[in-house]
Amino acid sequence: MKKSIFLGTLAVAGLAAGLASAQTLAEVQARGTLKCGSNEGLAGFAAPDANGNMQGFDVSLCRAIAVAALGDAQAVEFVPLTSQTRFTALAAGEVDVLVRNSTWTFSRDTDLKLDFKGVNYYDGQGFMVRSDLGVSSARDLDGATVCIQTGTTTELNLADFFRVNNISYEPVPVQTNAEGQQQYLAGACDVYTTDVSGLAATRATFEDAASHIILPEIVSKEPLGPVVRHGDNDWGDIVGWTLNALIAAEEYGVTSANVRELAAAPTDNPEINRLLGTEGELGAMLGLPNDWAVNIIAAVGNYGEIFEAHIGENTSVGLARGLNAQWTDGGLMYAPPFR
Amino acid sequence: MSKQSSVAFVRREMLPPAPPPPGQAGVLRWMRENLFSSVTNTALTILSLYFIWSVLASIMPWTLNGIWVAGSLTECREIRDARGLETAACWAVINERWLQLLFGFYPTDDKLLSSLFYAEPLATAGGLEAVFGAASNATDRIEFVGMMKGDLSNFTIFLFGYWRPLLAVALLVVAVAPILYSSLPRSLLFFSMLYPFVGVFLFWGGSIWGPMTVAIGLAAAFFIGRFFAKRFGLLGGGIAAVAAFIFIFLNPLPFIDHGGLFPLFPHVKDVLHSIIPFGLSAIPSDQFGGFMLAIIIGTSGIVLSLPIGILLALGRQSTMPFIRWVCVTFIEVIRGVPLIVWLFVASTLLKYFLPPGSSFDALLRVIILVTLFASAYIAEVVRGGLAALPTGQYEAADSLGLDYWKSMQLIVLPQALKISIPGIVNTFIGLFKDTTLVVFVGLRDPLGLTNAIRATGEWNGIYWELYIFVALLFFTFCFFMSRYSMYLERKLQTDRR
């Protein structure tokens, strides 16, 4: 993280020199494609299929933004970014938006001069252990060896958790998730810790998934969301409200299957009408066509559909909605009103 | 000795050579001399044999029992259990994704593929224009291509979908062969000079007049220089060539003639393109990837860094202080900073020094930096060769009355380079392997792609198979380079030994 902060600061220094452009939407439309900073590969969130087309939960949000800005879900250039280069690349203008499972933190939002435009996934750090270890709570992990990815916020969270609970641990540093899996399976560490979504995806690949358990404690808050640069609020609005449209669509029961039908004529629900542009001029306020949300939902589906298609319980990642359920179902997904 | 009769028998012909006593010939003798000559040696042999056997015994069943056809890692495991095997490699991932490891996300020629092998569904979908035309729907097109690729074999896609990079690499071999092997006809060297333009056209596409005009422009600058050199000497020729180059490719007076007649290059290109519009679909560098990327960066780096390195080495030995200082500073600065730092500089910081809005091709940036980095190393290797040459050789060249360039070209460099061959090839092999570092600046090298492949639901959790495949690709190339360097050393070995 240190390196990225350093590079990010340099980047910001460059931006302050007046090199930033405040016309991202116009640039994207002139270019004809959206440059979306994405993960090089993270199960369920961003991965290429056999034909080289990117698929995943984060990828779908990129495609939704591309539909909003360009009307074409395929008009996205995915720029693979590492955790070290992601914020620099965004600040330097190499990408228009960053959707790369990045945690919304205070210093990133303020010091790095970036804007997080919402949360598309609430993650949190957890622990995975072998079930024959006989541990049922993370507080029983005194003296355990822990595989931990270096240079991430998880490293700091781990130290905090063990200090607060006054227990000791021995870290086994690993570079990547791939290395962490191998070390854990080889028995180099008793515990593997990373975000719960990552743990679930990792556990799903094990031969004997049943003999590994994910402990109930969640030791950190990791709200992941799309990021844009400071200085172009109009573009930030488009990114933020694209996400909100996806979430609101699920809340109101608008799906990729019924969106055309609902948009054909005004319905009884004024909130749906405003979202789909059959009432009011909300699209124009963003500088977009009035049926922008209709196109988005028709192309990628609503938030719930995206979730189920890429990381839901029927996929190999197999995550439950949990915190990411709609607020009406006891989750945290809550889109501001469309009016 | 005249009484021949007193001798009972005289052999008139030689006896055939008797076979050596048992245990004194062939494999047995070799083994006794080399493997079991003493107690220690015998013990070591048995120990090594045991070691080799135990390694092979654990690796071979895994490798040879490997499963080649499966849709996912889970399926691989099911097949393995069904066959009752203890361990088995899941080569199916290579079988499914080898094209991606070779070419990254470089687009296939879908029009050619569909019209050759998928004609019927193409006709059903409405023909070429409906599927691939400008007015077509991108989502439908991707669905169609996905279906087509699902039905075609990977090998068909390899041969016909990727014909451009394949042809480019095949022609690269043709272009490089006359440089590597002097027994081939010298006329092939003409093609080697043309190849950079052919290669760029095949890999990047676009109008054919782009690379053609660059080639013609460079040739024009060269011949103008030569024409003037005959009348006004070397200096006049040099100035004329540089002036011609500037008029053709750069704007000589940016503040006066902005957007006017100069530079000539884009105008000529546009005119030619409007007369004969011919070209391939343009492919931006950020779609390059896989092992192809290593080949492109590696070959360009190797070809460009050798001449630059030699010039730097000569410059470092120069008696002119300014040239010497420039060369020493360049070498020390470039060599004193890790390659990865230079790559980061290329990928991010360079943005801030360029005018806003100008985008400088990421691949080109990396090629330039890798070239500069390798040339600093080559310069030091060649300097070693120059230093190893006895002073007598330099003096001999001078006493023949040769000028500086002639003495270097005819006497000093041939000997110095011969001495430096192992070092030069060593640097090149290092450079070739260092191309994997570009994964850190967002280019998709083979190792980065293994990560991306692992991120899909089907192949999450697969490691060794992918790494072994990438390792084999690199090993093949580096082993060839190493063998070639040994061949060259033997061929050039003119002195006594």
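Me: What percentage of the 497 residues in chain B is made up of buried residues?

Reply: A residue is called buried when its relative accessible area is under 20%, exposed when over 50%, and partly exposed in between, with a 1.4 Å probe and protein chains only. This is a predicted model, in which local features need pLDDT of at least 70 and side-chain atom pairs count only at pLDDT 80 or more, whereas totals for chains, interfaces and linings use all residues. Side-chain values use heavy atoms, without hydrogens and water, residues are numbered from 1 along each chain as its sequence is written, and chains are lettered from A and ligands numbered from 1 in the order in which they are written. For chain A, with 339 residues, the buried part is 55%, and for chain B the value is 37%.

Me: Why is chain A described as being as compact as a globular protein of its length?

Reply: Chain A holds 14 helices and 14 strands, which are DSSP runs numbered from the N terminus (helices H or I, at least four residues; strands E, at least two). Its C-alpha trace spans about 60 × 50 × 40 Å along the principal axes. The globule rule gives 20 Å for 339 residues, and chain A counts as that compact because its radius of gyration is close to this, at 21 Å.

Me: How many salt bridges does the rule find across the interface of chain A and chain B?

Reply: The contact, meaning heavy atoms within 4.5 Å, takes 38 residues from chain A and 35 residues from chain B. A salt bridge requires a side-chain nitrogen of Lys or Arg within 4 Å of a carboxyl oxygen of Asp or Glu, and one such pair is A:Glu207 with B:Arg77, at 3.8 Å from N to O. Across this interface the rule finds three.

Me: Which element of chain A gives the largest share of the side that touches chain B?

Reply: The elements that give two or more residues to this side include strand 4 (76-81), helix 4 (86-91) and helix 1 (2-19) of chain A. The largest share, five residues, comes from helix 1.

Conventions:
The radius of gyration is taken over C-alpha atoms; the globule rule is 2.2 Å times the number of residues to the power 0.38.
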